[in-house]
Amino acid sequence: MRRHSRRQRYKGYGGYMDIDIRILDVNHDLEAFKQIRIEAVQDTPSAFAESIAQVNSKSDGEFRHHLSDHGAGDFVLGAFHESVLIGVAGFYRDVPGKLRHKGHIWGVYVQPQYRRSGIARKLLQTLIDKTKALSGIKQITLTVVTTNGPAVALYESLAFRIYGTETDAIEVDGVFYNEYLMQRLLEYRNY
Ligand SMILES: CC(C)(COP(=O)(O)OP(=O)(O)OC[C@H]1O[C@@H](n2cnc3c(N)ncnc32)[C@H](O)[C@@H]1OP(=O)(O)O)[C@@H](O)C(=O)NCCC(=O)NCCS
């Protein structure tokens, strides 16, 4: 089933472009999702937990798993330009009863030639809006390598705040990176 999409105009390098944002469909979008996920891990290895070897050897079933709802309201959003998938952002929710108020963002990526056009911001704003419609979700968390300035600035601009730092959170080819733990509350809280 094709899901409802939102079309908006964005200013890219070649002028204004139409971008559609919609939830990826496990049947129709599997191949495009595989390709962009492999590209993402190759483009920015420190931004994703999987290694290039791992993502390259994943089965279709494992990619399908990423695009499946699992009954918890999980989804992956895609940004499309002229029907080509150019950006993604994933959301999943904790399952155990005491943790069901928590959701998590994963796999945020925009192709290099489309960056700085507001596409990641739109993907994440749409993701946040969709999670607000899920009953009981009160917060969204994510992790980001501390030296990933563009991503940290993106998340801060969307009201995520840093609540901790994990030392040596990820190792890429013998180099260890620290990660910020970031959280966005969906309801106002007076700390
Ligand atoms: C991080 C990433 C998703 C941003 O995508 P994007 O579509 O270029 O981001 P947007 O154009 O929507 O930018 C939104 C905001 O993010 C921040 N930002 C994005 N790129 C930036 C950069 N290169 N330098 C500084 N701030 C940046 C800015 O605050 C920007 O708002 P502004 O344009 O009004 O200043 C993209 O650079 C990317 O895919 N990087 C590689 C993968 C990655 O690091 N993913 C994150 C994993 S946690």
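Visitor: Which residues are the closest to the ligand?

Guide: A residue counts as near a molecule if its C-beta atom, placed from the backbone, lies within 6 Å of it. Here 20 residues surround the ligand, and the closest are Arg115, Ala120, Arg121, Pro150 and Leu154. Before we go on, two notes on the source. This is a predicted model, in which local features need pLDDT of at least 70, side-chain atom pairs count only at pLDDT 80 or more, and totals for chains, interfaces and linings use all residues. Residues are numbered from 1 along each chain as its sequence is written.

Visitor: Which element gives the most to the shell around the ligand?

Guide: Helices (H or I, at least four residues) and strands (E, at least two) are DSSP runs, numbered from the N terminus. Helix α5 gives the most, with six residues. β5 (102–110), α4 and α5 (149–157) each supply at least two residues of the shell.

Visitor: How many residues of the shell are nonpolar, polar and charged?

Guide: Ala, Val, Leu, Ile, Met, Phe, Trp, Tyr, Cys and Pro count as nonpolar, Asp, Glu, Lys and Arg as charged, and the others, Gly among them, as polar. The shell divides into eleven nonpolar, six polar and three charged residues.

Visitor: Which residues of α4 are buried?

Guide: A residue is buried if 20 or more other C-beta atoms lie within 10 Å of its own, exposed if 12 or fewer, and partly exposed in between, with C-beta atoms placed from the backbone. In α4 the buried ones are Ile119, Ala120, Lys122, Leu123, Leu124, Leu127 and Thr131. As a general idea, an α-helix has 3.6 residues a turn, so residues three or four places apart point the same way. Across the protein chain, 26% of the 191 residues count as buried.

Visitor: Is Asp29 buried or exposed?

Guide: Asp29 counts as buried because it has 22 C-beta neighbours inside 10 Å. It lies in the loop between β2 (15–23) and α1 (30–43). Two residues are in contact if their C-beta atoms, placed from the backbone, lie within 7 Å. Leaving aside neighbours within four places in sequence, Asp29 is in contact with Leu24, Leu67, Gly78 and Leu85.

Visitor: How do β3 and β4 run, and how many bridges join them?

Guide: Two strands pair if DSSP finds at least two bridges between them. Strand β3 (residues 75–81) runs antiparallel to β4, joined by seven bridges, and Phe80 stands opposite Leu85 in β4. β4 also pairs with β5 in the antiparallel sense, over six bridges, with Gly90 opposite Trp106 in β5.

Visitor: Why is β4 largely enclosed by the rest of the structure?

Guide: Seven of the ten residues of β4 (residues 84–93) are buried, so the strand is largely enclosed.

Visitor: Where is Glu82, and what is its phi?

Guide: Glu82 sits in the hairpin of β3 and β4, which has two residues between the strands, and takes a positive phi near 50 degrees, although Glu82 is not a glycine. Glu82 is exposed, with 9 other C-beta atoms within 10 Å. Ala159, in the loop between α5 and β7 (161–172), also has a positive phi, near 75 degrees. Ala159 counts as exposed, with 12 C-beta neighbours inside 10 Å.
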